[in-house]
Amino acid sequence: MKFYRIMAVSRRVFRDVVNDKRSLAMLFLAPIFAMCVFGLAFSGDVEDVNVVIVNQDQGYTPPLGNTTYLSQTIISHLDTKVLNIQTMDNVEQARQQVMDGKTSAVIIFPENFTQNAIMATKNASAGSSAEIIIQGDDTIPNIKNAILKSVSDALTETMSEEGVNSPLKVTSEPIYGQDAEFIDFFVPGILAFVVYLLTTILTLITFVGERTSGTLERVLASPVTEGEVVTGYAITFGTLGVIQVTILLVIALVVFNIIVVGNVLLAFLAVAILAVTCQALGILLSSLAKRPEQAIQFFPFVVLPAFLLSGVFWPIQAIPEWLRPFSYLVPPTYAVDACRAVMLKGWGLEKIWPDLATLVIFAVLFLVLAVWSLKRGKK
């Protein structure tokens, strides 16, 4: 092994990289992009969680004294940065807000809340206590924990401020997600993310390979149109996406015993539309790469936004507020939301159709742009 020959090879490779302006730019942009996205996505806490408070507390009026409302004091101590608070008088209407996905939880103060708390303080041996009831969507652990922590902190602060020593407690009664664990939250997101990742990257690499080998040029020289090529890819990868989800779902059910409440065929539908969208995105990206090595450089820009911004591993409410709008520009966000709603809440088409409609819009837009990119490439 000769050192001068090693250096000759190194100089040639270095010269090739420097001369390839696109590769050189990606070499520095990709790590900067990755660090910024990771840093920003992990820097946020759960915020802006919608909750409804139903305060039925009648307060407590001692002899010759003023009426005290511990519930109002607790509410005043709730962290409004974490919770977006709405008040309602009817428990059933508030519960319906949770069932419709408009809010994450109902916080209920029973009518004897203050009275029970004060009486328990005066007579500890009576065994009575006051409780706050939280009825919510427990399918997203981060949000559930953020609500519980905010209420518990407000409760502790109030007890200290008012000198109440009674056993006040918080009771959680899930509307959705009974006995759900993190794996139940995690799997629906993984289903969508895996299909997005594999479909986009496989289409990108396959199309770049066909471009460089001349196969695509020969196909387009035949009577086959650009639209037919894109549609053929859409059918193939839509089918492959469903097969991938089937395999993952069987593993999740058999090995991890995840919860599936709704019609899993709706989850398949959402993922199939996502696969069509992603194959069109892969074709679009392929028009920017002249060879497979350049195609690989797109991976960070394909993987990281979906990995960090689509709600796969943590809720969108945990992303910094100014960054959240970008989550809704990432197609997997809607597939993840639809899959979780079907599998953990049992929602049907009448409730997940906005997610499916948005995925269809993405699919149509990317398919049209993919056809346009192929026609442009022929000129």
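User: How many Å² does the nonpolar surface patch made by L240, I243, I247 and others cover?
Analyst: This is a predicted model. In it, L240, I243, I247, V250, I251, L253, V254, V255, F256 and V260 make a nonpolar surface patch. The area of this patch is about 860 Å².

User: Which helix holds L253, and is L253 buried, partly exposed or exposed?
Analyst: L253 lies in helix α9, which covers residues 226–255. Its relative accessible area is 37%. Buried would need under 20%, and exposed would need over 50%. So L253, in α9, is partly exposed.

User: Let's step back to the whole chain. How many helices and strands does the chain have, and what share of its residues is buried?
Analyst: The secondary structure comes to 15 helices and five strands. The chain has 379 residues. The share that counts as buried is 45%.

User: Among contacts between residues at least 6 apart in sequence, what percentage joins residues at least 24 apart?
Analyst: Take the contacts between residues at least 6 apart in sequence. Those that join residues at least 24 apart make up 81%.

User: What should helix α7 span, and how far apart are its end C-alpha atoms?
Analyst: Helix α7 runs over residues 182–213, which is 32 residues. At 1.5 Å a residue, it should span 46 Å. The end C-alpha atoms agree with that, because their distance is also 46 Å.

User: Which residue follows α7, and what is its phi?
Analyst: The residue after α7 is G214. The phi of G214 is positive, near 90°.

User: Where is S310, and is S310 buried or exposed?
Analyst: S310 lies in the loop between α12 (299–309) and α13 (324–327). Its relative accessibility is 2%. The cut-off for buried is under 20%, so S310 counts as buried.

User: Which residues touch S310, leaving aside its neighbours within four places in sequence, and which backbone oxygen lies 2.5 Å from a polar atom of its side chain?
Analyst: Beyond those neighbours, S310 is in contact with P305, V330, P332, T333 and V336. A polar atom of the S310 side chain also lies 2.5 Å from a backbone oxygen. That oxygen belongs to A306.

User: How many salt bridges does the structure hold, and how many residues apart in sequence are the parts tied by R324 and D48?
Analyst: The structure holds eight salt bridges. One of them joins the side chains of R324 and D48, at 2.7 Å from N to O. R324 lies in helix α13, while D48 lies in the loop between α2 (21–42) and β1 (49–55). The pair therefore ties together parts whose separation in sequence is 276 residues.

User: What separates R95 and E92 along helix α4?
Analyst: Their side chains meet in a salt bridge, 4.0 Å from N to O. R95 is partly exposed at 23%, and E92 is exposed at 55%. The two are three residues apart in helix α4 (residues 91–99), so their separation is about one helical turn.

User: What separates D153 and K149 along helix α6?
Analyst: D153 forms a salt bridge with K149, with the closest N and O atoms 2.8 Å apart. D153 counts as partly exposed at 39%, and K149 is exposed at 52%. They sit four residues apart in helix α6 (residues 141–162), so the separation is about one helical turn.

User: What is the phi of D48, and what is that of D179?
Analyst: Most residues other than glycine have a negative phi. D48 is not a glycine, yet its phi is positive. D179, in the loop between β5 (169–176) and α7, is exposed at 63%. Phi is about 55° for D48 and near 65° for D179.

How values were computed:
Residues are numbered from 1 along each chain as its sequence is written. This is a predicted model: local features need pLDDT of at least 70, side-chain atom pairs count only at pLDDT 80 or more; totals for chains, interfaces and linings use all residues. Side-chain values use heavy atoms; hydrogens and water are left out. Buried means under 20% relative accessible area, exposed over 50%, partly exposed in between (1.4 Å probe, protein chains only). Contact means heavy atoms within 4.5 Å. The expected span of a helix is 1.5 Å times one less than its number of residues. Patches are made of residues with over 30% relative accessible area and no salt bridge: like charges are joined within 9 Å, nonpolar side chains (Val, Leu, Ile, Met, Phe, Trp, Tyr) within 5 Å. Accessible areas come from the Shrake-Rupley method with a 1.4 Å probe; for residues, only the protein chains shown count as cover. A polar contact is a pair of N or O atoms within 3.5 Å; within protein, one must be able to donate a hydrogen and the other to accept it, and residues adjacent in sequence count only if both atoms are side-chain atoms.
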